Amino acid sequence: MVFFKAFSMLSSRLRSRATVQRSNLSNSVRWLQMQSSSDLDLHSQLRELIPEQQERLKKLKTDYGKVQLGNITVDMVLSGMRGMTGLLWETSLLDPDEGIRFRGLSIPECQQVLPAAKPGGEPLPEGLLWLLLTGKVPSKEQVDTLSKELRNRATVKDYVYKTIDALPVSTHPMTQFATGVMALQVESEFQKAYDNGIHKSKYWEPTYEDSLNLIARVPLIASYVYRRVYKGGKFIPVDHTLDYGANFSHMLGFDNPQMQELMRLYITIHSDHEGGNVSAHTGHLVASALSDPYLSFAAALNGLAGPLHGLANQEVLLWIKSVIEECGENVTKEQLKDYVWKTLNGGKVVPGFGHGVLRKTDPRYTCQREFALKHLPDDPLFQLVSKLYEVVPPILTELGKVKNPWPNVDAHSGVLLNHYGLTEARYYTVLFGVSRSIGICSQLIWDRALGLPLERPKSVTMEWLENHCKKAFSS
Ligand SMILES: CC(C)(COP(=O)(O)OP(=O)(O)OC[C@H]1O[C@@H](n2cnc3c(N)ncnc32)[C@H](O)[C@@H]1OP(=O)(O)O)[C@@H](O)C(=O)NCCC(=O)NCCS
């Protein structure tokens with residue numbers, strides 16, 4: 001009986017994988033295939049994949065190097081390069097209407113096929129890391145092996161903590177976190193190898209070592225910052241029986257199984273959002289100078305700390321709390337409308353709404369909403385977030401200039417964390433940062449494996465643009 005149940009669960013999982021395989025025809029998912037339990041070593045899998053992808057890039061350059069991808073307009077230059085295709089980013093791709101796909105898989109598909117800690121549970125972030133790096137859905141055994149490897153790499157030297165301790169406790173958690181990441185750089189394998197004259201064909205290997213170490217170590221630094229700032233410096237060590245997400249939750253001080261599930265989901269969905277967003281692009285740009293993963297990722301974190309990007313999750317919860325302070329918990333839709341207008345008339349943005357590329361509700365918002373509907377439907381802040389979903393988009397549409405009036409990932413995350421007791425909004429972007437290490441470092445390994453060059457776009461002055469346009473009109 002037990003055997004039959006396990007067999008039917010396995011076959012339904014395999015069926016769902018096969019459906020995903022059939023429904024995806026894009027080139028990047030051609031790697032997607034059923035995994036046998038053999039070959040548990042991520043490094044050797046990558047070593048096998050790299051030559052094929054190097055050849056693919058070479059052919060792309062030789063055969064299609066001169067094909068045009070579109071026209072660049074003055075508007076594009078003046079509006080933060082919106083709509084300008086200019087980056088190669090293998091790990092994920094964003095569709096304005098559909099949202100993100102990780103190696104061709106949407107978020108619901110990832111939830112369906114990536115191994116979970118328990119049947120029907122949220123994906124394990126280690127599985128997503130495997131997927132981003134290899135383009136293949138890993139088996140549970142592969143994920144468990146990677147989990148163990150990350151735990152073994154999760155050691156942080158004392159001087160890193162002392163560097164953080166040199167900052168006042170009141171320093172913003174993101175500054176403390178980025179400082180800790182910079183201090184980790186002391187142990188960079190890439191820098192050592194470069195100093196020792198490594199051949200460029202081997203760059204990806206120490207980049208891989210640094211990246212896996214970094215991914216393994218950031219939860220320790222992040223939880224250190226949390227416990228330092230909010231829990232009187234009572235630190236909690238790694239639990240060697242737990243997976244990546246559960247361990248992070250544990251080190252923060254949250255052992256509720258639902259919070260662990262939330263953390264797995266949170267880390268999975270915040271990891272990567274193609275290459276042009278501020279943090280990903282910054283990491284990629286800095287790494288293109290052959291700065292090692294620690295230097296590159298610390299730079300990315302500083303971009304993530306901006307309120308129009310990663311800090312928006314902090315801003316959302318603070319904004320929601322200010323609504324409650326002014327209107328009470330049972331705020332009506334009319335009161336909400338007034339508050340939204342007050343925010344806009346004060347020359348501020350409504351945090352958690354809008355996006356640089358997306359044009360529909362962010363699927364990362366949707367899956368967090370589903371989590372809330374399943375686990376905390378009666379939470380008053382969740383109900384307020386649901387009301388905002390009805391109230392804000394029509395107002396932003398009425399403004400006439402907002403390209404996407406729908407909620408983004410940040411509109412929801414804070415309310416879920418708040419529900420389980422992680423109430424300190426100023427800390428939220430650090431969680432985002434831990435998750436981003438997975439996406440940014442995965443692409444960074446491929447940057448070095450593919451030998452991508454120094455990034456150096458051309459800039460021009462207003463005078464140059466004026467002269468160029470005048471000439472274009474007169475000819
Ligand atoms: C994400 C964001 C920075 C994208 O900016 P963008 O690509 O320039 O967006 P748009 O092209 O739609 O912006 C056009 C105008 O609408 C405004 N706008 C966009 N989203 C808005 C929002 N949520 N509230 C108020 N105004 C908004 C912009 O500020 C801009 O105004 P301006 O012309 O006076 O400068 C923007 O939507 C925003 O500030 N959102 C709130 C912060 C947030 O949630 N960030 C997290 C993103 S995941």
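The model is predicted, with local features requiring pLDDT of at least 70 and side-chain atom pairs counting only at pLDDT 80 or more, while totals for chains, interfaces and linings use all residues. Residues are numbered from 1 along each chain as its sequence is written, and side-chain values use heavy atoms, with hydrogens and water left out.

Helices here are DSSP runs (H or I, at least four residues) numbered from the N terminus, and their axes are lines fitted to C-alpha atoms over the stretch in contact, with angles from 0 to 180 degrees between N-to-C directions. The axes of α16 (residues 333-345) and α18 (residues 380-399) come within 10 Å and cross at roughly 50°, and the two helices are therefore oblique to each other, a class left after angles under 35 degrees (roughly parallel), over 145 (roughly antiparallel) and 65 to 115 (roughly perpendicular). Contacts (heavy atoms within 4.5 Å) join residues of α16, including Leu 336, Val 340 and Trp 341, to residues of α18, among them Leu 388, Val 391 and Ile 395. The residues of this α16 and α18 contact divide into 11 nonpolar, no polar and 5 charged.

Helices α13 (residues 278-287) and α20 (residues 428-449) pack at an angle of about 35°, with their axes 10 Å apart.

Around the ligand there are 19 residues, each with a heavy atom within 4 Å of it.

| Residue and atom | Ligand atom | Distance |
|---|---|---|
| Leu 308, polar backbone atom | nitrogen | 3.1 Å |
| Val 350, backbone N or O atom | nitrogen | 2.9 Å |
| Asn 408, polar side-chain atom | oxygen | 3.0 Å |

Methods
Ala, Val, Leu, Ile, Met, Phe, Trp, Tyr, Cys and Pro count as nonpolar, Asp, Glu, Lys and Arg as charged, and the others, Gly among them, as polar. A polar contact is a pair of N or O atoms within 3.5 Å; within protein, one must be able to donate a hydrogen and the other to accept it, and residues adjacent in sequence count only if both atoms are side-chain atoms.
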